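Dear colleague,

Please find below the structure that I am handing over to you. My notes on what was found in it follow directly after.

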Amino acid sequence: MSPTIPLLERELGMSQSEGALLSIVLLITGALITPLAGRFGDRYGGKRVLVRLMAVVAVGGTVSALAPNLPVLLLGQVLQGAMVGALPLSFIVVRNNLPPGESKVAIGVVSGLFVGGGMVGMLSAGPVAEELSRHWMFALPTIAVAGATLLVNRLMPADPPSGSDDAGLDRPGLLLLSGMLVTLMLVLALAPEAGSQPGVLGALVVLLAVFAVGWVSVERRAASPVIDPRLLARPAIRTACVLTFVICLGTSMAVYLVPQLFDERGDGYGFGAGATEIGFFLLPGAVAATLAGPLGGIGDRRFGSRAVVGTGVVMMTVSLVALAAVHTEVWHLVVGKALIALANGLCVTAMMTGTATAVDAEDTGVATSLILVSRVLGYAVGGQLGGALLTAATPPGSDVAAESAYVTGFAIAAVVTSLALFVARTLPEGVEE
């Protein structure tokens, strides 16, 4: 949806912070679905769970296509968030069907193809939304998902379950995690308006802390936790999760701000681009992100996680600083966004491949789910922070945000990303158990 967020903001009468919420609600849902998908995939087999998730995505796409307003569209995106859980399930299938020596590169290729699907959507979203309608922007890919579900069910080789079915579902942990993520989404949505309702926001922050403490306490005692705390207790995996969160927080601010700046119609800044133009402007970044998957896997195997992550963090920080300083030409944003996407892909893939191959085969889904959860939470916080900056910098009665908000956003993202260098120094040469 990235190229069409400004269009959706105008058609549905949303503020920039509401647009940011719409862009991240899918990821928030993914943070809940991903560990469950990994756990169920380890237990029942990746293909079996994958087919069911794809069916939920098709239902969510149908709801989004028919949505008459923002609340219904948010519901559709909540259901479509199940798609995020497809990635650890794909890793399970890879581990069960390929020799161990090929796993790292193969996982990198799968990550790249996952991003490649987003690239196709990015190119088609603008033309479809402008020439047909925003409804068809969701309907056409939903038809494709429904067809792909049938093909996966028929053609993908079955993988045997590797876990036990005896422990059952950790329902208390699932409920607490759901409450924590829903509360987080509400906190992010209300943060830009904290001045008008500080009591509500404060109560939500307290509730979020209660959910978090309760969830950690329950997971430590659960026989089959949604996310196993023993994995988080491993220094290498914990470090990988922290790195992923920090890097993706910085990245997501740029991911949100760049399309908004393309659409902006300020005095001396912004380009007034339409959704189709924005899609083409973002294409190099999508290509870079697709290539980053296999490159990150190869780099991790040859040089180790620390080298790949360090290179990616430096590249991303420099690009964000450059965007904050210079953003008066389209190519400034195009090149900056492409470098940021490449750097982010290298970092996250290195974290993913190292973690996936550092644990036992039966823990692959849950371990990689931790990285994906860190990734989507980083994207959610960063995207909403970018939206809050633009909302706060938009005068009443105007739809044009001040240029200083974009400069501040890129600068904050650069500072946050640079902090990852200090964490990356604690990584071993490879993310090992």
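**Aromatic pairs**

A search of the whole structure, which is a predicted model, finds two aromatic pairs. Rings of Phe, Tyr and Trp (its six-membered ring) pair if their centres lie within 6.5 Å; planes under 30 degrees apart count as stacked, over 60 as edge-to-face and the rest as tilted. The rings of Phe 262 and Phe 271 are tilted, because their planes stand at 50°, with the centres 6.1 Å apart. The rings of Phe 262 and Phe 281 are also a tilted pair, with centres 4.8 Å apart and planes at 40°. Phe 262 belongs to helix H11 (residues 235–263) and Phe 281 to helix H12 (residues 275–303), so this pair ties together parts that are 19 residues apart in sequence. Helices (H or I, at least four residues) and strands (E, at least two) are DSSP runs, numbered from the N terminus.

Buried means under 20% relative accessible area, exposed over 50%, and partly exposed in between (1.4 Å probe, protein chains only).

**Helix H4**

Which residues of helix H4 (residues 70–80) are buried? They are Leu 70, Leu 73, Leu 74, Gly 76, Gln 77 and Gln 80. These residues cover an arc of only 160° around the axis, which puts them on the same side of H4; the arc is that of the directions from the helix axis to the C-beta atoms. Asn 69 caps the N-terminal end of H4, with a side-chain oxygen 3.1 Å from the backbone nitrogen of Val 72.

**Cysteines and overall figures**

The count of disulfides (pairs of cysteine sulfur atoms within 2.5 Å) comes to zero. Cys 347 is in no disulfide, and the nearest cysteine sulfur, that of Cys 248, is 8.6 Å away. Cys 347 is buried, with a relative accessible area of 1%.

The protein has 16 helices and zero strands. Of its 433 residues, 54% count as buried.

**How to read the values**

Residues are numbered from 1 along each chain as its sequence is written, and side-chain values use heavy atoms, leaving out hydrogens and water. In this predicted model, local features need pLDDT of at least 70 and side-chain atom pairs count only at pLDDT 80 or more, while totals for chains, interfaces and linings use all residues.

Yours sincerely

Methods:
A polar contact is a pair of N or O atoms within 3.5 Å; within protein, one must be able to donate a hydrogen and the other to accept it, and residues adjacent in sequence count only if both atoms are side-chain atoms.
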